[in-house]
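Subject: Structure handover

Hello,

Here is the structure you are taking over. My notes on what was found in it follow below.

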Amino acid sequence: MSQSIDTIVAYLDVLHANRHLIAAAYCQGGIALEDENQRRIRQLMQHRVLIPYFQQDFRISPTLGRHLDEVFQRQRSYAVGSNFGDLTNRLRQLIIEFMTASHENRLEDQEDYAAEYDAGVFELASLINDELLSLRAITENQFANVSTMAEKQRQNEFYLDRAEKIGETIALLEGQSLLGTLSDSPLFKPLLEVYQHQVLVRLAGWRSTHMDITAVLKAFLYRLRQIEPNARRIRAFAHFLRKNPDYQPPESEGVQTLPAWSSRYAGLRLKTHPDLSISQSREALAEIAQSIPSAKISIVRERAAGRLINDGAVNSVRVIQPKPVQLAFHRYLQAACDAFVPLSAIGWKRKQPEFSRLDDDAWLLYVVHSIEMLGKSIKTGRLRGLEVKRYEAPTEHVRSGNIVIKDVALWKKP
């Protein structure tokens with residue numbers, strides 16, 4: 001262990017001894033090889049601090065450059081951020097290896113995987129926190145550092161995509177993919193404690209920050225779409241002036257209507273109403289009211305007498321036939337009341353030849369709606385004890401809010 005510490009100290013001494021050269025390479029975007037710095041550049045190349053760029057030019061290592069960007073808050077255009085998907089998959093693989101080493105009684109390997117898992121969770125939590133802080137600083141401070149509106153809109157959509165990826169990572173961390181695996185067995189108790197300390201206690205803060213960032217980005221994009229027509233009109237006028245440099249605006253007295261490009265606002269919407277405090281207005285309104293014809297009002301004093309219907313009249317009684325889907329649900333409900341195991345709605349319908357023309361999706365939608373309409377009857381009425389189970393498909397998008405139902409099962413509780 002002491003040898004490793006000595007090696008790291010020696011490496012840091014090299015960085016400290018060449019600190020001016022490293023700072024120049026970072027600030028200037030590169031450094032040229034000269035007689036005075038040749039030995040130092042070769043030494044930094046051996047330690048992978050400088051990388052050859054073109055002939056006698058050298059640039060700083062991207063890894064060290066990203067670290068300096070984070071320290072000095074230097075924002076890069078369209079920075080892609082961290083790959084959270086690979087980090088999450090690495091944690092899942094470490095959990096599997098930890099369990100395998102435990103079953104094979106390889107205690108040393110088990111401790112190594114636990115230490116790697118601890119470091120991986122810490123790295124993932126730190127990267128998420130840094131990514132949220134960086135994205136928030138970009139959106140609130142240096143987000144408008146572009147020259148054209150089209151570039152601004154593309155930049156906004158790019159950062160929205162980055163925020164969406166962070167949101168998917170947060171949803172994945174609070175879901176059952178990792179947390180459910182760690183909670184299934186007491187073997188993972190030390191791993192679960194690390195996960196709770198590094199991730200779960202921060203999820204609420206991460207989610208709040210992510211919602212604030214997304215709100216800023218969406219509001220900015222909304223304002224961009226609002227000003228786009230005005231910006232297009234101004235660009236058209238600027239293009240007209242470039243093509244006609246001798247254009248002279250007309251005198252204001254001779255302009256009957258303002259040109260379209262000069263209007264930046266929709267204007268004031270005025271509504272007129274009569275002023276009853278003026279006697280002339282009252283007299284004019286009285287003349288208008290007298291010219292309006294009065295409405296004819298007819299009042300029925302007596303109710304018209306009814307007539308007897310002949311008992312022998314044809315079609316005096318109408319028999320209402322239930323629809324096929326209503327009849328199918330009634331029979332399915334009877335079959336479910338007699339069943340003590342879950343009875344699939346889709347499976348039952350496919351076994352009934354007379355209802356083969358019913359579409360599966362339409363049938364399933366009617367069953368779900370009818371069960372909701374029954375409501376209290378399942379709990380207190382004649383259908384008391386009827387159990388309901390819905391089979392839902394996994395959501396395609398974590399923030400969509402859509403629930404896809406694959407099947408419904410009913411059965412009578414014994």
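Leaving out neighbours up to four places away in sequence, tyrosine 195 is in contact with Tyr117, Val121, Leu173, Leu178, Leu179, Leu182 and Leu200; contact means heavy atoms within 4.5 Å. This is a predicted model, in which local features need pLDDT of at least 70 and side-chain atom pairs count only at pLDDT 80 or more, while totals for chains, interfaces and linings use all residues. Residues are numbered from 1 along each chain as its sequence is written, and side-chain values use heavy atoms, with hydrogens and water left out.

Cores

Tyr195 belongs to the largest nonpolar core, which has 34 residues; Tyr195 is among those with the most contacts inside it, together with Tyr117, Leu173, Leu182 and Trp206. A nonpolar core here is a set of buried Ala, Val, Leu, Ile, Met, Phe, Trp, Tyr and Cys residues joined through side-chain atoms within 4.5 Å. Buried means under 20% relative accessible area, exposed means over 50%, and partly exposed is in between (1.4 Å probe, protein chains only). Two or more residues of this core come from each of helix 5 (84-103), helix 6 (107-140), helix 7 (149-174), helix 8 (179-184), helix 9 (189-198) and helix 10 (203-243). Helix 6 gives the largest share, eight residues. There is also a second, separate core of 19 residues, which includes Val325, Phe329, Leu333 and Leu364.

Overall figures

The protein chain has 14 helices and six strands. Both are DSSP runs numbered from the N terminus: helices are H or I with at least four residues, strands are E with at least two. Of its 414 residues, 26% count as buried. The accessible surface of the chain is about 30,600 Å², and carbon and sulfur atoms hold 54% of that; the areas come from the Shrake-Rupley method with a 1.4 Å probe, and for residues only the protein chains shown count as cover. Among contacts with a separation of 6 or more, 63% are between residues 24 or more positions apart.

The sheet and its helices

An open sheet of three strands has the order 4-6-5, with antiparallel pairing. Strand 4 (343-344) and strand 5 (386-392) are the edge strands, each pairing on one side only. Two strands count as paired if DSSP finds at least two bridges between them. Strand 4 pairs with strand 6 (residues 405-412) over two bridges: leucine 343 has leucine 410 as its bridge partner, and serine 344 has alanine 409. Strand 5 is joined to strand 6 by seven bridges, and tyrosine 391 stands opposite aspartate 407 in strand 6. Six of the eight residues of strand 6 are buried, so this strand is largely enclosed by the rest of the structure.

Helix 14 (residues 360-374) lies across strand 5 and strand 6, at about 50° to strand 6. Axes are lines fitted to C-alpha atoms, for helices over the stretch in contact, and the angles run from 0 to 180 degrees between N-to-C directions.

Aromatic pairs

The structure holds seven aromatic pairs. Rings of Phe, Tyr and Trp (its six-membered ring) pair if their centres lie within 6.5 Å; planes under 30 degrees apart count as stacked, over 60 as edge-to-face and the rest as tilted. Phenylalanine 98 and phenylalanine 188 form a tilted pair, 6.2 Å centre to centre with 45° between the planes. This pair links distant parts of the chain: phenylalanine 98 is in helix 5 and phenylalanine 188 in the loop between helix 8 and helix 9, 90 residues apart. Phenylalanine 98 is buried at 3% relative accessible area, and phenylalanine 188 is buried at 4%. Elsewhere, ring pairs link Tyr332, Trp348, Phe355 and Trp363 into a cluster.

Two single residues

Threonine 169 is in helix 7 and counts as buried at 8% relative accessibility. Beyond four places in sequence, threonine 169 touches Phe84 and Ile128.

Leucine 285 is in helix 11 (residues 279-291) and is partly exposed, with a relative accessible area of 34%. Not counting residues up to four places away, leucine 285 touches Pro274 and Leu276. The C-alpha atoms of leucine 285 and proline 274 are 8.7 Å apart, and the two residues are 11 apart along the chain.

Regards
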